[in-house]
Amino acid sequence: MTITEQKAAQRKAGIAARRALSDTERTSSNAALCARIMALDCFKKAENILLYAAFGGEADLSALAVEAARQGKTLAYPVCGEGFSLTAAVPEPDGWEVGTYGIRTPILSRSAVLPPDKLDLVLVPCTAFDAVCHRVGMGKGYYDRYLPRCTRAVKLGVAFEAQRVDKAAVDAYDEKLDGFVTEGGLYFGFDTTEL
């Protein structure tokens with residue numbers, strides 16, 4: 001099986017696993033992983049955060065967004081553009097639309113744009129991941145192209161334990177993250193929790 005086929009299989013299985021969670025499991029898992037992220041030093045110190053609006057059963061960061069906003073942190077959301085580019089947009093209250101993939105997305109004309117080198121923390125969704133912080137995304141490479149430009153940011157994947165695989169199917173273009181947060185624990189690919 002090629003890497004492309006392995007990725008497709010892991011993507012399909014990961015999406016099915018996250019969608020299979022019951023409402024009760026999903027609610028408690030989302031609360032647990034948001035609490036884990038908020039307890040990390042990288043969250044406490046962050047002023048500018050890129051997160052995402054959950055879609056297709058992804059881990060939901062709404063509770064984290066509410067608390068981060070209460071603390072005065074700047075919250076940006078990804079806008080996918082031409083050439084698989086990604087822009088970190090801080091939307092005004094009326095600055096939202098349903099974007100290309102059916103995802104709640106900021107409207108750029110009603111948003112401030114944060115340059116990638118101004119981000120302190122980037123929270124990245126995935127379809128599958130492994131304990132050494134490799135991820136399988138949706139297959140378009142938006143984050144893989146964008147993350148190298150986030151030169152100051154801690155880059156954390158966010159997922160449910162049900163999406164973890166023994167070894168994520170990755171190639172040379174796939175960016176390794178600094179860590180992964182799930183409802184069950186923290187994965188840093190090494191023995192420390194000092195993010």
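Accessible areas come from the Shrake-Rupley method with a 1.4 Å probe. On this basis, the accessible surface of the protein, taken from a predicted model, comes to about 9700 Å². Carbon and sulfur atoms account for 52% of that surface. Of the 195 residues, 46% count as buried.

The overall dimensions were examined next. The C-alpha trace spans about 45 × 35 × 35 Å along its principal axes. The radius of gyration is 16 Å. A compact globule of 195 residues would have a value near 16 Å, so the protein agrees with that expectation.

The secondary structure consists of 5 helices and 12 strands. Contacts were then sorted by separation in sequence. Among contacts between residues at least 6 apart, 71% join residues at least 24 apart.

Charged groups were also located. The protein carries 23 positive and 25 negative charges.

One residue was followed in detail. Ser29 belongs to helix H2, which covers residues 23-39. The relative accessibility of Ser29 is 8%. Buried means under 20%, and Ser29 therefore counts as buried. Its contacts beyond the neighbours within four places in sequence are with Phe160 and Glu183. Ser29 of helix H2 is thus described by both its burial and its contacts with Phe160 and Glu183.

Terms used:
Residues are numbered from 1 along each chain as its sequence is written. This is a predicted model: local features need pLDDT of at least 70, side-chain atom pairs count only at pLDDT 80 or more; totals for chains, interfaces and linings use all residues. Side-chain values use heavy atoms; hydrogens and water are left out. Helices (H or I, at least four residues) and strands (E, at least two) are DSSP runs, numbered from the N terminus. The radius of gyration is taken over C-alpha atoms; the globule rule is 2.2 Å times the number of residues to the power 0.38. Buried means under 20% relative accessible area, exposed over 50%, partly exposed in between (1.4 Å probe, protein chains only). Contact means heavy atoms within 4.5 Å. Lys and Arg count as positive and Asp and Glu as negative; His and the chain ends are not counted. The place of a charge is taken as NZ of Lys, CZ of Arg, CG of Asp or CD of Glu.
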